[in-house]
Amino acid sequence: IHSSILRTRPRTGLSGPFAPWLAVPFIAKPAQQLGRACRYDTSLSTRESELIILLTGAKHRSHAEFDIHQGEALRSGIGLDVIESIPRDEEFSQKAVEDRLLPSLLLDHERDQNANSKREIAIVKFVAELLDTCTVDDTRYQFTKDAVGHDEVLVEIVAIVGYYTFVAYTLNVFNIPTGLSKENR
């Protein structure tokens with residue numbers, strides 16, 4: 001499993017949660033596989049996935065997760081003003097996301113015509129409610145399903161939140177720094 005992780009992560013190696021996970025190989029291997037599926041094999045755009053990951057890191061007070069994925073989010077086309085508007089730590093709530101992040105996201109959509117505004121906003125609201133309440137109500141579920149097209153995408157969103165919650169807890173408990181210089185984020 002050690003060499004498999006290194007092969008798939010040539011730039012970052014065993015940074016992030018992988019070193020602690022390797023202490024228990026029968027957890028490390030499926031965790032790596034789930035991470036790869038959540039990160040690279042969903043129908044979500046990289047931009048959508050990175051918004052979900054940033055929200056998850058923000059909610060769980062995982063500065064390492066947030067910092068690592070800030071660079072990925074920028075590369076996916078998310079503006080720095082959007083990233084900086086994400087409420088973090090004790091400020092995180094569904095209401096704070098709607099009040100602070102959504103206006104920045106709408107401005108970002110005006111600049112980037114490739115972004116699917118309705119779909120992204122539905123995903124952000126779904127994820128904020130899920131992270132804030134550990135579920136979503138029927139109205140939010142249906143609104144998001146209508147915006148993304150089908151239940152499979154909702155499963156992908158929930159999987160990304162769940163996986164990156166596991167990552168955030170690992171980074172927090174083992175006090176793992178980002179391991180990346182600002183240039184490499």
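## A buried glutamate

Glu-72 is buried, at a relative accessible area of 18%. Buried here means under 20% relative accessible area, exposed means over 50%, and partly exposed lies in between (1.4 Å probe, protein chains only). Glu-72 forms a salt bridge with Arg-39, and their closest N and O atoms are 3.3 Å apart. A salt bridge is a side-chain nitrogen of Lys or Arg within 4 Å of a carboxyl oxygen of Asp or Glu. The pair links distant parts of the chain: Glu-72 sits in helix α5 and Arg-39 in helix α3, 33 residues apart. Arg-39 is partly exposed, with a relative accessible area of 22%.

The pair belongs to a wider group. Arg-39, Glu-50, Glu-72 and Arg-75 are linked in a network of salt bridges.

## The model and its confidence

This is a predicted model, in which local features need pLDDT of at least 70, side-chain atom pairs count only at pLDDT 80 or more, and totals for chains, interfaces and linings use all residues. Residues are numbered from 1 along each chain as its sequence is written, and side-chain values use heavy atoms, with hydrogens and water left out.

pLDDT is the predictor's confidence in each residue, from 0 to 100. The protein averages 88, and 85% of the residues score at least 70. Over residues 180–185, pLDDT stays under 50. The model has 10 contacts beyond four places in sequence for residues 180–185. Where pLDDT is low, the predicted coordinates should not be read in detail.

## Overall build

The protein has 10 helices and 0 strands. Helices (H or I, at least four residues) and strands (E, at least two) are DSSP runs, numbered from the N terminus. Buried residues make up 49% of the 185 residues.

The accessible surface comes to about 9200 Å², and 54% of it belongs to carbon and sulfur atoms. Accessible areas come from the Shrake-Rupley method with a 1.4 Å probe; for residues, only the protein chains shown count as cover. Contact means heavy atoms within 4.5 Å. Among contacts between residues at least 6 apart in sequence, 64% join residues at least 24 apart.

## The nonpolar core

A nonpolar core is a set of buried Ala, Val, Leu, Ile, Met, Phe, Trp, Tyr and Cys residues joined through side-chain atoms within 4.5 Å. The largest one has 45 residues. Ile-52, Leu-55, Val-124, Val-127 and Ile-157 have the most contacts inside it. Helices that each supply at least two residues of this core include α4 (46–59), α8 (117–133) and α10 (151–173). With 9 residues, α10 gives the most to this core.

Which residues does Leu-55 contact, leaving aside its neighbours within four places in sequence? They are Ile-86, Phe-92, Val-97, Leu-101, Val-124, Val-127 and Leu-131.

His-60 lies in the loop between α4 and α5. His-60 is buried, with a relative accessible area of 15%. Not counting residues up to four places away in sequence, His-60 touches Leu-131, Thr-165, Ala-168, Tyr-169 and Asn-172. His-60 and Asn-172 are 112 residues apart in sequence, yet 8.6 Å apart in space, C-alpha to C-alpha.

Thr-144 is in helix α9. Its relative accessible area is 0%, so Thr-144 counts as buried. Leaving aside neighbours within four places in sequence, Thr-144 is in contact with Ala-122, Ile-123, Phe-126 and Leu-154.

The structure holds 12 salt bridges. Side chains of opposite charge can pair when their charged atoms come close. One of the bridges joins Glu-129 and Arg-140 (3.1 Å, N to O). This pair also links distant parts of the chain, with Glu-129 in helix α8 and Arg-140 in helix α9, 11 residues apart. Glu-129 is buried at 6% relative accessible area, and Arg-140 is buried at 15%.

Arg-100 forms a salt bridge with Glu-91, the closest N and O atoms being 2.8 Å apart. Arg-100 is partly exposed, at 35% relative accessible area. Glu-91 is partly exposed too, at 44%.

## On the surface

Phe-26, Ile-27 and Phe-166 make a nonpolar surface patch of about 310 Å². Patches are made of residues with over 30% relative accessible area and no salt bridge: like charges are joined within 9 Å, nonpolar side chains (Val, Leu, Ile, Met, Phe, Trp, Tyr) within 5 Å. Phe-26 lies in helix α3 and counts as exposed, at 66% relative accessibility.

Cys-134 sits in the loop between α8 and α9 (138–148). Cys-134 is exposed, with a relative accessible area of 70%. Its phi is near 70 degrees, a positive value in a residue other than glycine.
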